[in-house]
Amino acid sequence: MLWIKESSLELNISKTKEAQQRLFLLRKLRSFDVRQDILTAVYKSLIESVLTFNITSWFTLTSVKDKSKLSRIINQASKITGKTQIQLSVLHTQAVKRKANLITQDPTHPLHKSFQLLPSGRRYKVPLSKKNIHKNSFIPIAINSLNNT
């Protein structure tokens, strides 16, 4: 448990630093009067890809303070590009839904057995858990996102 928190902290510090360095490139491109659609494409390929790498595993363990730092980076990029960018929580939700759909469609996936349909055939059974660390893990969050769509 302690290892997860420490590695999550290190991960977010490195993500923040790397994203800040790439924001510099975005600012330089804007100073050269690059078009907005190109700036947005550069943001998505250089910064958003760094922030969303493996987001399904680290996002729920991240503190509010670290999430606000990452959100500030997205807000700065929005100001630089002149277009509102997708927030981190929305990116997390999209990634969880995408991964959950892939798992439910692939019967050979190791987590496929964790996604059990209820007798109605429309909703999935959410595993019972008493601790927040388990409630905030991937499987319950993915099942809740599938049940809410």
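I looked up Arg 22 and found it partly exposed, with a relative accessible area of 27% (buried is under 20%, exposed over 50%, partly exposed in between, with a 1.4 Å probe and protein chains only). The model is predicted, so I note that local features need pLDDT of at least 70 and side-chain atom pairs count only at pLDDT 80 or more, while totals for chains, interfaces and linings use all residues. Residues are numbered from 1 along each chain as its sequence is written, and side-chain values use heavy atoms, without hydrogens and water.

I counted three salt bridges in the structure (a side-chain nitrogen of Lys or Arg within 4 Å of a carboxyl oxygen of Asp or Glu). Arg 22 pairs with Glu 18 at 2.9 Å, N to O. Both residues lie in helix 1 (residues 2-31), four residues apart; helices are DSSP runs of H or I, at least four residues, numbered from the N terminus. Glu 18 is partly exposed at 32%.

I then recorded the salt bridge of Asp 37 with Arg 35, at 3.1 Å, N to O. Arg 35 is exposed at 54%, whereas Asp 37 is partly exposed at 46%.

Lastly I examined Lys 44, whose salt bridge with Glu 48 has its closest N and O atoms 3.8 Å apart. The two are about one helical turn apart because they are four residues apart in helix 2. Lys 44 is partly exposed at 36%; Glu 48 is buried at 12%. I also noted a kink of about 35° in helix 2 (residues 36-52), centred on Lys 44, the bend being the angle between axes fitted to the seven residues ending at a residue and the seven starting there.
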